[in-house]
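Please look over the sequence and the three-dimensional structure shown below. The paragraphs that follow lead from single residues to the chain as a whole.

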Amino acid sequence: MTATDELRNELRALLDEVIPAGGTESDTRFSDAQLNAILERSRNIYAAASEGWMRKAAMFQKETGEIQSYSIGQESYTFTKSTEIMEYALKMADVYGKMAAKSMGSTILRFKPPEVL
């Protein structure tokens with residue numbers, strides 16, 4: 001696909017990586033150049049989203065630690081385990097992968113004509 005601003009914005013939305021108000025692309029996990037490369041390699045937006053979520057799973061592994069919860073005085077913090085976050089990202093990649101396969105268009109069938117006597 002040819003990357004456009006519209007497709008890049010749609011991909012950011014599918015990846016839940018929308019640029020915050022007053023922010024820039026550096027406020028997200030993906031630069032415009034990275035999204036352009038994903039879009040150009042993909043056959044449709046859903047295939048691009050699937051690749052993006054697989055990349056996010058790898059990023060989550062680096063970004064999160066294994067601390068599940070801790071407390072200081074009256075304050076307590078609970079973190080999601082990195083495995084749960086990665087499973088979610090991989091599940092999203094699978095969902096978009098299936099959507100990409102379904103949106104491939106029509107299937108060409110080949111019929112063998114019957115023999116006529």
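Helices (H or I, at least four residues) and strands (E, at least two) are DSSP runs, numbered from the N terminus. The model is predicted, and local features need pLDDT of at least 70, side-chain atom pairs count only at pLDDT 80 or more, while totals for chains, interfaces and linings use all residues. Residues are numbered from 1 along each chain as its sequence is written, and side-chain values use heavy atoms, with hydrogens and water left out.

With a relative accessible area of 40%, E10 is partly exposed; buried means under 20% relative accessible area, exposed means over 50%, and partly exposed lies in between (1.4 Å probe, protein chains only). E10 and A49 stand 39 residues apart along the chain, and their C-alpha atoms are separated by 9.4 Å.

Helix α1 also holds R8. This residue, R8, counts as buried at 11% relative accessibility. Leaving aside residues up to four places away in sequence, R8 touches D32, L35, N36 and L39, where contact means heavy atoms within 4.5 Å. The side chains of R8 and N36 also make a polar contact (2.6 Å). A polar contact is a pair of N or O atoms within 3.5 Å; within protein, one must be able to donate a hydrogen and the other to accept it, and residues adjacent in sequence count only if both atoms are side-chain atoms.

Next comes the loop between α1 and α2, where D16 is found. D16 is exposed, at 60% relative accessibility. Its phi is near 55 degrees, a positive value in a residue other than glycine.

Which residues are buried in helix α2 (residues 32-41)? They are L35, I38 and L39. These residues lie on the same side of α2, because they cover an arc of only 100 degrees around the axis; the arc is that of the directions from the helix axis to the C-beta atoms. An α-helix has 3.6 residues a turn, so residues three or four places apart point the same way. The face of α2 turned away from the buried side carries the exposed residues A33, E40 and R41.

The whole chain can now be considered. The protein chain has four helices and two strands, and from the N terminus on its elements run α-α-α-β-β-α. Of its 117 residues, 28% are buried. Among the contacts with a separation of 6 or more, 61% are between residues 24 or more positions apart.
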